[in-house]
Amino acid sequence: MRVKKSWWQSGGIRIAAAFVFLILFGGAASGIYLSQIPPEQPIAFPHKTHVALGAQCAYCHPAADWGPNAGLPSLSKCWGCHQQVQKKSPELEKLAGYVQRNEPIPWVPVAIQPDFVKFNHQPHVRAGIACETCHGPVSQMTVALPQPRQNMGWCLDCHQRMRPNDFVRLSDCATCHY
Amino acid sequence: MAVEAKPLETAVPLPHAEEDPREHLMFDPRPREVMNRMVMEAMTTTSRRYWAWVIGLALVVLVCLLGAWGNMILTGMGLAGIRRPVFWGLFIVTFVFWIGISHAGTFVSAILRVFKAEFRRPFTRAAELMTTFALAAGALYPLIHLGRVWVFYWLIPYPNARWLWPNFRSPLVWDFLAITTYLLSSTIYLYLPLVPDLAMARDRTTGWRHALYRLLALGWRGTEAEWHRLRRAITIFAFAIIPVMFSVHTIVSWDFAVGVVAGWHSTIFGPYFIIGAILSGVAAVVSILFVLRSTMLHMDYFIRKEHFDALGKLLLVFSMAWAYFFFNDYLLTWYGGEEAARRILTLHATGPAAWVWYLMLICNVVIPWLTLWNRTIRRTPWAMFIITLLINVGMYAERYTIIPLTLGHQRMPFDWGVYTPRPTEISIVIGTFALFLLLYLLASRLIPLVPVWEVQEGQMAHTLRKVGKAEVPSVTELE
Amino acid sequence: MSEKISRRDFLKLTAMGAATTAVMTGCGPMSRYVVRRPYTQMPEYNQTGESTYYASTCRECPAGCGIIVRTREGRALTIEGNPNHPVNRGRLCARGLTAQQGLYNPDRIRAPRFQGRSNPATPGRDLTWDEAVQVVATALQKPPQRIAFLLGLAPDHLYDLVSELTQALGAPPPLRYNALAALEGRTTLIEAVRRLFGSPALPYFDLAQAEVTLAFGADFLQSWLSPVTYTRAYGAMRQGNPRRRGELIVFEPRQSLTAGNADRWVPIVPGSEAHVVLALGQRVAELRGLPVPEAFRAVRPEEAAQVSGLPLEQLETLAQTFATATRPLALVGGSALTQPNGLVTAQAVLALNALVGNLGQPGGVFLSAAAATPTPLAEVKALVERMQAGEVDVLFIHGVNPLFEVPAALGFEAALARVPLVINFAAFPDETALKSDYLFPDHSPLESFGYQRSLAGSDRPAWSALQPVVVPLYDTRATVDVLLAAAQASGQALLPYRDEVDFIQQKILPLINAGGFYTAPEILTFWSRWLQHGGWWTPAAGLPTPTLERLPASFGTLTPPTPPAEGAFYLLTYANHLGDGSGANRPWLQELPDAMTTVTWNSWVEIHPRTAEELGLKDDDVVRITTPYGSVEASVYRYPAIRPDTLAIPFGQGHTALGRWAEGRGCNPAQVLPAGHNAAGDLAFIGTTATLTPTGRRRPLARVESKEGVYGEH
Amino acid sequence: MAEERPAKWGLVVDLDRCTGCNACIVACALENNVPFVGEDEVAYGRALYWIRTQRYWEGEYPEVTPTFQPVMCQQCGNAPCEPVCPVYASVHSEEEQINLAVYNRCVGTRYCANNCPYFARVFNWFDYELPEPMRSYLNPDVTVRRRGVMEKCTFCVQRIVRGRQKARAEGRELRDGEVQPACVQACPAEALVFGDLSDPESRVSQLARSQRRYHLLEALGTLPRVTYLKGVGNHGG
């Protein structure tokens, strides 16, 4: 006797279900992927080259020493060196273009925190944390790359490891959120 | 099946002296197969009116519940009428209402089962279904009323990258745990006694129904060993679910009682809420039974006047108990003499919304007390339907009094405020009522609404014995 | 912006993408990154992520409080008080705190514009500033006598420049009008000071050290002269005096915020203040054992008691309290001055101070260092008559909104239509701007240079500086620059100034050696310190002491108030935190509850609950208030602290223009005010009676208080 | 670096100085990016004032007088809002001894608001959009809250944190009066005084010991950090 298959055992249904699953899974996966790729920058700034030439991080991002944001160098700062060091390259021509038009370069910072996280560079720099600890091996990057998994647990973990005696203060919500 | 004859005890509903004992379901047996077929017919017969209701309710759920809720999520909680200082409104009122209704199933089924109240047999399932669906409707509200429902999962304790756990000191977390436990256990408790009936249905259907019931019946064959295990499981659950039931509404009451809000901060709130819940739950069972009896095939065989009568007596008792707790709560608050709390009591009785308070008392106390003592009224299904609906209106008014009417008049008169429900929240409330009815309607055609085996078991135990010339009803206790 | 500044590349910044871009939790790539545009050239005073603070002067009212504006990446964030400023000592009122909502107001006029006023069919069009300057230059070449300037009370540097300009042209001097000054009777006070003490200055009252203060109508906690100064002084009077807690008694028909804070509120009949002061003066002189001056004998105490409704015994108690106090002080303003007897009241109160000998004493009366120059309503009236008669060819308007602020009964609107050329420098499309031919928008105060030198609240000689704290947002230009450019373009060598900054520097040049708390060898250094400190003032407090040579035999004729006819009421209007109404487009000022009624976003009419009951009126009933000059509608607020025969409507709402937050809210009491004036030429509206008709409609007021909780009504 | 002492921030409201002018409301709103909501919403009790002046009337005409009492979050030491929050969005700061409102953690149960006897908490019923270019004045130090989030007075914790960081960078302790919330800074009558209650010499401590002191709803045992000083006499309270 041939057993009658139930409706949910039919091939069509199963294939459709597989499709639905694939679409959902694929969507989720590509969403995660897309949120992790670095954004396109107006100029492919080679951090690698600058670090190799001996430029200190704080030369271009000096505000990390005194305030919350490390800051982006102004156009005049870039041009201050590059009008002397005139190496021909298409990226430098882009820079020259911005200088000519006196137009700010629309950088897309990758090391940003959401609006409700009030990160302050200054105490971290004072505590002697190297930039690479959080920003990754910038000396090997062209444009800066976002560092994955910089979430709250990551902050707390570091606070607990580095300053176990001060953890009450460093885990206070108001340290970062207000 | 081991049967041991025992003389009739007074706890068993005695047929009224003047009436024919055959009016009672237990003494009006029909052959097993006939009864099975009746239940199957009731389950599989759908009329055009049925489908109209299903489609209508589905539309209401879609528009009034999902549509309005979705719109509120996208726009903001401001679409509801809540405001400062009445931060909780109709959503929480309806939440408490549904959780209250959900006590019916457990009460009717578990407590009456434990106390071997025989009249429960035909409608335990109807009551358990109510429990499950009322919980489903009620459990939506903690989500609906969240300002940011898209992060509701922060209420769930799970290890996460933020190193954060929910605050176990918060009654809302207790609520969350209690409601999930209750939902889970009441679903299992609904399912267990369903298994033999599903197997019965499996053997009498074809097509998708057969597939479904085969899946759900878990290969039930009806052997003695299976019956044995099922009985034990049901007994264990019946005992275990009772404390869960008590805990749920107690914890819901703690949402209010642990606060400093004047008028909420009352130690009697736990039992007061439980009694209110059971009152409204049992009332809802009566209402539903009336609807089932008058709309479904063969239900007049299973659900009889005797059941309305018995439930009516219960209702009277609970109405009295509720009045007792209400008085207790009122007296202690008044006697305590805290100014803010006293002001609230005065306001409930004399403020602009005093009609809600009087509605509560009339529906919960005056009407049941005036009617339910009367046997004829108790045995008139439509009268019972109206009375029980009114009791639930009264219980809704009770929650409305406790929540928005109390919140609006706290300790700083400068900031008092009057709450007016707005269309969005009314629509959502209507939507969950529709959801409940829709689920019930669908379930009534998907699962046997009468626990056939329980009825049959009862009928086997009840017999009329001839003692001399008289026929005397007797019952044997089943092990 | 002046050339000098653009050369220096002052504040050349581009805002870093809005820092408040919401980056949501766990959102996808779209919202994850934001574009940031760093400076092309980092200003040396700027530190990334740190705020930069600029000292300037608040121009939300004429008081001239010193402010410090916190900026970040070229955006003005918050306004804070300048802690060293002699007027406000770091404190601010609600109006000053909302200045940035004016700067960033979406309804600002963004470019110079021609409007087809005479012919509505003519479309308006935007102009370039070159065209605008040309228009002004042509206008300045009109016959000088037919040119008129109507300015507001701020800023002073513009007034100084226009004064020089009109002098050079031979045109009539500019008029200065402001509803706040009109409602508090400022010119009456100045005129009284001139008559008694010889110089037309505003008095400065040392409230902080006074021990018993009588205030006649002066709502110094909310609008009078310099509210922040006097609120600060009030705090010090209450709790800062180690000897005793100062006592405050206020005479007003309607309880203002000041009267609400007083130890005693005396609700006298509107218009009877002069009687009360004179009667008090007699008794005080007697109690102090002094001869009663002739001028105080103008009224018998019984008569005063009868006119004012204040029992004689109370009058006696008050006189005793005042006469026996160690440091008595009497203030006058507002409803006590804006009435036919205003000048008498003002002189009598000043003389009362002289009587108790507190002139130039701690807790007494001083004279402000700088002359105050508001124009009395009478002169505005004269201007209106000239306009009506077609004697004005061109009217320049700046910093004032006469169609809103001037009583409608004056007929300004009709007269304006008869002026062929109206040039308005308004920053906002207010009522007058919409009826002007040309709009040449000035910078907002936070984008402007300037100074205020008439500082009624300063306890020492002081000038308060304005400087831009952000780059101008729109294509606006400083009016001083426009006038200077036009004066040059007109070919005549009218004014010896290059631009606004040059003008201000030349004006403040004498201050270098005037004994301020800083000095400098030359103007540029002085200028940088001037901007840094937000002005200039002397290191020590010190103001001229008024000297009373001889009291006049009479302060003027005294008219007792006429009681309102049956069914009519005295009508009052007063300034609350909305001031002269120019703040009505600051949403936070609208959202701010009125101090006494807690009503927001609208107008109301205050009626005593008893009166309301007699008339069968409930809260929120819309009533029509009619005077011989017009009528307005507003919702009823049953106000327990007003005379039962008086109605009051706050000033400031009822705009028909001025942008989205101001338009179509409430009513403008200027529509029902009379155009009459007192002996000092000041608006005299106290004593106006109005009738009240219910409209049958209801319009609930947005009040913050719970009516049920506060008044016990459901 | 000197070991830091946790502070116990406190506020004193001298009701004898307070005139009820409401400058504090605006100062607070603009410092803390508090949105305005418009007439209809204010009328329905949905204004988002973090501090408001409660004005009651005393006496009968003509002896009638208003009483003004600014009420903000009392930063209770034993706060009713804290235990009820299921997600720790309303949480006590051990460091500053104040009650925090952690906006990004809030899920919007509004339980804290019900349980606050001072009605100090307000809720974002909607997203309150500012028209361009008004967003420019938003304070970047304070998170702009979105719909569905509770908020309340924080004693301007952003100023406290920045002040501390500044002091720490300079290797010193915070000076008395160095950190001031916006309302205190603006108050024209100097009725508000802010400071560290754990320092007995601070101005706020001295004032908080005044004989005129009282706390709002003291009987509830919430241990408020805001101390009110009674108005003197029958009036001016």
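Select chains C and D together in this predicted model. Their contact draws 53 residues from chain D and 60 residues from chain C. On the chain D side, colour the elements that contribute two or more residues: α1 (23-31), α2 (39-43), β2 (52-58), β3 (65-71) and α6 (182-186). The largest share of that side comes from α1(D), with seven residues. Colouring the side of chain D that touches chain C by residue class shows 30 nonpolar, 12 polar and 11 charged residues.

Return to chain D and display the strands of its four-stranded open sheet, whose order is β8-β1-β10-β9 and whose pairing is mixed. Which strands stand at the edges? They are β8 (192-196) and β9 (213-214) of chain D; each has a single partner strand, so one side of each is left without a neighbour in the sheet. Now select residues 9-14 and 226-229 of chain D, which are strands β1 and β10. These two strands run parallel and are joined by four bridges.

The remaining stops are in chain A. Show chain A as a cartoon: there are 10 helices and zero strands. Is chain A compact or spread out, judged against the globule rule? Its radius of gyration is 24 Å, well over the 16 Å that the rule gives for 178 residues, so chain A is more spread out than a compact globule. Along the principal axes, the C-alpha atoms of chain A fill a box of roughly 90 × 50 × 30 Å. Buried residues account for 15% of the 178 residues in chain A. Of the chain A contacts between residues at least 6 apart in sequence, 65% join residues at least 24 apart.

Colour residues 7-36 of chain A as domain 1 and residues 47-147 as domain 2. The centres of these two domains of chain A, taken over C-alpha atoms, are separated by 42 Å.

Finally, select residues 90-101 of chain A, the 12-residue helix α5. From first C-alpha to last, α5(A) reaches 17 Å, close to the 16 Å expected at 1.5 Å a residue.

Terms used: Residues are numbered from 1 along each chain as its sequence is written. Chains are lettered from A and ligands numbered from 1 in the order in which they are written. This is a predicted model: local features need pLDDT of at least 70, side-chain atom pairs count only at pLDDT 80 or more; totals for chains, interfaces and linings use all residues. Two residues are in contact if their C-beta atoms, placed from the backbone, lie within 7 Å. Ala, Val, Leu, Ile, Met, Phe, Trp, Tyr, Cys and Pro count as nonpolar, Asp, Glu, Lys and Arg as charged, and the others, Gly among them, as polar. Two strands pair if DSSP finds at least two bridges between them. Domain bounds come from an automatic or database domain assignment. The expected span of a helix is 1.5 Å times one less than its number of residues. The radius of gyration is taken over C-alpha atoms; the globule rule is 2.2 Å times the number of residues to the power 0.38. A residue is buried if 20 or more other C-beta atoms lie within 10 Å of its own, exposed if 12 or fewer, and partly exposed in between; C-beta atoms are placed from the backbone.
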